[in-house]
Amino acid sequence: MNLPAMESIIKKQIKPPEPMGSYDPSDVIFLLKDLSNISLEKETGEREHAIQSGVHYSEMLPVEYHPSDEYIELFHETLAQSAEKVARAAATVAEIIVRKRGLNTVLVSLARAGTPIGILVKRYISMKYNVDLPHYSISIIRGKGIDKNAILYIWQQHGVDMPIQFIDGWTGKGAIRKVLVDACDSLDQRYGIRLNDNLAVLADPGHCSDTYGTREDYLIPSACLNSTVSGLMSRTVLRDDLIGPNDFHGAKWYKEWASSDLSTMYVDKISEYFTKVETEASLQAEDALADPPEVTWQGMKDIQSIQQAFDIQDVNLIKPGIGETTRVLLRRVPWKILIDRPNNPNLKHIMLLAQDRGVPVEVFPGLSYSCCGIIRSVKEGGE
């Protein structure tokens, strides 16, 4: 690393993080600018039209979905059924990270789906190894890249030699992984510092990561809800009139949803299983290191098949995997949902949401995912 680059990192004046979100600061620090007092939400139809007309999705927010009592009940039911499974996956990810990166590492979750997963990884490492790793949540945006000020801030706090481990919730097409790869290349070119673009995820149905807890496409309960299971945080926002050169990317903190907040309850419930899954997670991590899994990007090949089958011009209208399909149903305008088989036990909430919104469901055999959501094209009426 050259001296001018080091000086530019040290001298860069970045506005320090403001307290944000409903998690305890010991769990995570959000490196985000508070935009809570600014109206950014657009109704789903208006937002969809804007996105497909060229407005970047990060310049506005969806209106937060108010889940029905039945849907909240489904979340609790799913959590009760899968808490141990999620704990095992999070513990496995944590064990792989420790073996690959050591115990002198900064955990950096990608807001917002990565945040609860990063908290679980941090808590497991604290329980098992009695080491409290720093954990931040930062913004990364498809088409715009990673929050460079957040990375610079982390370097300023911890030094440029301390490894960074990026964490997200799950993979879909692998788009965010590709954004991360490009971001790490860009930072290397600018500062001469090579970050590891490995992205640790709880579930990797897209086969685009080699650090994961499982490749099964099952319902991670935190995919069911939005801000109320993510520290009451919105999606991240990047707009020139709101984010200055010394700011982090922005987000809103929905304090008004505090009475519905399940964020801490969610990570607490899963953390209860860590001692039970510890041995199995260690064995899985050893296996993963002894025989490293192949990154095939199989998910992207599935998407290309769907594109051909339905003559879909824009690949961004196809959102694979349970997590992404849930998001399509909650905050986009869905055209149809494709499922791998009718009796898939992981699809209960997808079927409930599709029925609630009158969205047709079709079987598309041979998917590496449990399901895919297809967004309606406003240009073509979805046909």
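## Sheet and helix

Strands β13 and β16 (residues 371-375) pair in the antiparallel sense over 3 bridges; two strands pair if DSSP finds at least two bridges between them. Ile318 has Ile374 in β16 as its bridge partner. Helices (H or I, at least four residues) and strands (E, at least two) are DSSP runs, numbered from the N terminus. This is a predicted model, in which local features need pLDDT of at least 70, side-chain atom pairs count only at pLDDT 80 or more, and totals for chains, interfaces and linings use all residues. Residues are numbered from 1 along each chain as its sequence is written, and side-chain values use heavy atoms, with hydrogens and water left out.

The open sheet has 4 strands in the order β13-β16-β14-β15, with mixed pairing. β13 (318-320) and β15 (361-363) are at the edges with a single partner strand each, so one side of each is left without a neighbour in the sheet. On average, neighbouring strands of this sheet are turned by 25° against each other, direction ignored. Helix α10 (residues 321-331) packs on the sheet and touches β13, β14 (334-339) and β16; contact means heavy atoms within 4.5 Å. The direction of α10 makes about 30° with that of β16. Axes are lines fitted to C-alpha atoms, for helices over the stretch in contact, and angles run from 0 to 180 degrees between N-to-C directions.

## Second largest pocket

The second largest pocket holds about 310 Å³ of space. Its lining has 17 residues, and Lys12, Asp147, Lys148, Asn149 and Pro245 are the closest to its centre. A pocket is an open set of points on a 1 Å grid over the protein atoms alone, where a 1.4 Å probe fits, with protein on both sides within 12 Å along at least five of seven lines; lining residues have an atom within 4 Å of a point. Grid points are joined across faces, edges and corners, and a volume is the space filled by probe spheres set on the points.

α5 (148-158) and α6 (175-191) each supply at least two residues of this lining, and the largest share, 3 residues, comes from α5.
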